[in-house]
Each structure stands twice: as structure tokens, then as C-alpha cells.
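The sequence and structure come next, then the contacts.

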Amino acid sequence: MNLYDLSRNELGHLLAEWGYGDYHAGRIWDYLYRQKVRSLEEMVELRPELRKRLAAETTLARLPTQLTIDSSDGLTRKFLLQLADGQEVETVLMRYPGRATACISTQAGCAMGCVFCATGQMGFVRHLTPGEIVAQVLHVVALLQEHSEELRNIVLMGMGEPLHNYDATMTAIDILTDDRGLAIGPRYITLSTVGLPPAIRRLADEERPVNLAVSLHAATDAGRAALVPINKRWPLGELIDACRYYVARRGRRIFFEWALIAGQNDTPEQAHALGRLLQGLEAHVNLIPLNPTDGYAGRPSDSAAVRHFQDILAEYGLPSTVRQRRGLDIAAGCGQLRAQKKNGR
Ligand code: SAH
Ligand code: SF4
């Protein structure tokens, strides 16, 4: 059993089963997430027989680094981390003045098959465990600590679809936000989803005040299905209904992601359709010029098209931000580093 897989409550239950009070679970939790020890031997103040039992029945599975690449501006660092079964996932550290953001993966590969996405192009391999999600964060936290920096934001925007791996993702969020441990504020965590309505409704009904981002990319069913195949299963009407439910239930706005692809979804017609689609919804649109991938011929929109698109959204009172994808020169788009390594580049 990997200790990083357990929420604070689950650790308490395990220790109770072993006949130890919650005090001991608290000590172990402190070692894991405050002192951030790397081995059970470092838990020196635990009772020897408890440490022995932990050593016999549990592990502390950190993820070895396969590859580290820095962007030319030195602000983005990308890691390819290895899982116990040899699979690899990508984790990205983005530094902005005074705040650091980690981009974390939730699956090896992805089943959703979005045509422009390097992870989608590789297909689904498997879900990550909570501990594999948490270990990516610990990896970044350790690196920042060497420079006396703290991790502030986490975006679940790496490889995989977090709401397809719902339970593990939520356990990981519970571990990361526990205020006796890493204590990352839930409002500094953003979960990005391709848009699975039942899971969005479930998230709305639960008490995890993280930010929600929905990857829209098109505002008509035909246009979206061509980019995001899961739209055939969950068309826009059902998706936006679930989003309205989320906003009403949680009282929080939703971020909508839109990868701008020249001539494809950056037209005035699409901008008007988006403005109409989101009318009356507390929303913010993040426009991201496409990051080209080997498996898709689309090109990023030019800046004039981006500006025009944004102006039309403004006519609908829809706020938007243009985000440059960071670390383009190190293939920091989701799944791209792994894809390039596979192709021997
Ligand atoms: N599966 C989730 C989270 C991971 S993808 C989701 O789809 O939201 C994170 C974001 O990167 C999504 O908005 C996705 O659409 C976007 N993305 C993927 N490939 C991209 C590319 N080549 N260029 C621009 N954005 C991309
Ligand atoms: Fe999966 Fe997100 Fe990539 Fe779509 S964009 S294939 S949902 S990781």
C-alpha cells in the first residue's frame, strides 16, 4: 500500500485497525506532508513497532524523473515522471513573479480523443492513483523548496481527464488541501474537464470549492464534435445545463477554455455562437492559441483574429483572457513531451 494514496481520514482508519489512536496518524501525516520525508526511516519519532509495521506493509512511492527540460525563458520546467509500472506522465512547473503553478496529470493517456491534443492522440492507458497525483505535486514542491519558493496554484490540466478518474482525483484534492498537511487552498486549484455532465453535477453537489474549467473549443454541436468526440455522447445542451446547475449550486463562475484554431473555431460566427451559448451564465473565457501537435494539421490563430474574437465576446458582456501557452519550446502542451520522446526527438 502506497501511503500517498490515503486521505487523512483513511490513514486514521488504517491506524485504528492496527490498534493505534489518531495521534499516531497525525504524526505520520505530519511526516508525509509537513516535513515531507522521503522514507519511513526518517519517521524517527514513531514507535519502533509502528515503523516496522509501516515498513512491512506500506511504501512511500515518489516518482523518479525520466527527463527534465527547461524552457528558453527559464520560467517553465517540464518533467517526465515514471510510475511504478513504467508508464510516464508529464508534470509542469510554471513560475511567474511571486507565484508558482504546477500542472498535474490525472491519467496516463486519455480516452477522450480530442483531435488537437497530444494526450488524446495516444489513447487511454490507465487512471492514476491518488498517490501518483499527489507525488507529482510533492516533486514540484521539493524543487521549489530548494529556492525557498512555495507552490501556490495547481491546475489539473496535464495528461488525462480528471472527471473520468473522479474518485482518485477527489481523494488527491482532499490530500493536497488538508490543512494539517500541504494545505493548498482549494481556490488555488483548478480542475479542467472536457465536460462530462454527470460528473460536473456530482462535483456541484460535493463540498470541494476548487475552480472549474470546461474545455469548450466550439459553440455548435457539429463544430465541437469534430474537435472533441465526446460531444457526440454529451452534446452542448446537456453540458451547458450541467454548467448552469454548477454555477447555481456552488455560486461560482466557470472558466471556459477555447483553443483558437485558425479558420476552424476563431471565426466571428463561432464567437457570436459562444456569446449566445453562455448568455446569462457566470463565465470567463480563456482563449489559448492552439499549440500545434504532430497528429493534427490545425494552426494557431493570428493575433488579429484573436482580438476580433475577443471583441465579439465583449459585446455579449462575456469576459475573456488570452493565454499564451507557456514553454512552447519545450513541448509543454499536454502530452507533447512524451509523444516527442516516443518519436525519438
Ligand atoms: N482533459 C482535461 C484537462 C487536460 S487538457 C481537459 O480537456 O480539459 C488541458 C487543456 O489543454 C484543455 O483545455 C485542452 O483542451 C487543452 N489543450 C490540449 N491540447 C492542446 C493544444 N494542442 N493546444 C491548445 N490547447 C490544448
Ligand atoms: Fe483528454 Fe483533455 Fe486531451 Fe481531450 S484535451 S484528449 S480530454 S487530455
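## Contacts in the predicted model

Glu-57 and Arg-53 join their side chains in a salt bridge, 2.8 Å from N to O. A salt bridge here is a side-chain nitrogen of Lys or Arg within 4 Å of a carboxyl oxygen of Asp or Glu. Both residues sit in helix α3 (residues 48-57), 4 residues apart, about one turn of the helix. Helices are DSSP runs of H or I with at least four residues, numbered from the N terminus. The count by the salt-bridge rule is 16.

This is a predicted model: local features need pLDDT of at least 70, side-chain atom pairs count only at pLDDT 80 or more, and totals for chains, interfaces and linings use all residues. Residues are numbered from 1 along each chain as its sequence is written, chains are lettered from A and ligands numbered from 1 in the order written, and side-chain values use heavy atoms, without hydrogens and water.

**Domain interface.** The domain assignment, which is automatic or from a database, gives domain 1 (3-57) and domain 2 (65-342). Their C-alpha centres lie 33 Å apart. Domain 1 brings 11 residues to the contact and domain 2 brings 17; contact means heavy atoms within 4.5 Å. The area buried between them is about 1200 Å², with 60% from carbon and sulfur atoms. Buried area is the accessible area (1.4 Å probe) that two parts lose on being put together, summed over both. In domain 1, Asp-5, Tyr-33 and Lys-36 lose the most area to domain 2, together 41% of what that side buries.

How many salt bridges link domain 1 and domain 2? The count is 0. Polar contacts join 5 residue pairs between the domains, both residues at pLDDT 80 or more. A polar contact is a pair of N or O atoms within 3.5 Å; within protein, one must be able to donate a hydrogen and the other to accept it, and residues adjacent in sequence count only if both atoms are side-chain atoms. On the domain 1 side, α1 (8-17) and α2 (22-33) each supply at least two of the touching residues.

**Ligands.** Ligand 1 is surrounded by 19 residues, the closest being Gly-160, Ser-192, Ser-215, His-217 and Asn-291. A residue counts as near if one of its heavy atoms lies within 4 Å.

| Residue atom | Ligand 1 atom | Distance |
|---|---|---|
| Phe-116, backbone N or O | nitrogen | 3.1 Å |
| Gly-160, polar backbone atom | nitrogen | 2.9 Å |
| Ser-192, side-chain N or O | oxygen | 2.7 Å |

Around ligand 2 are residues including Cys-110, Cys-114, Cys-117 and Gly-160.
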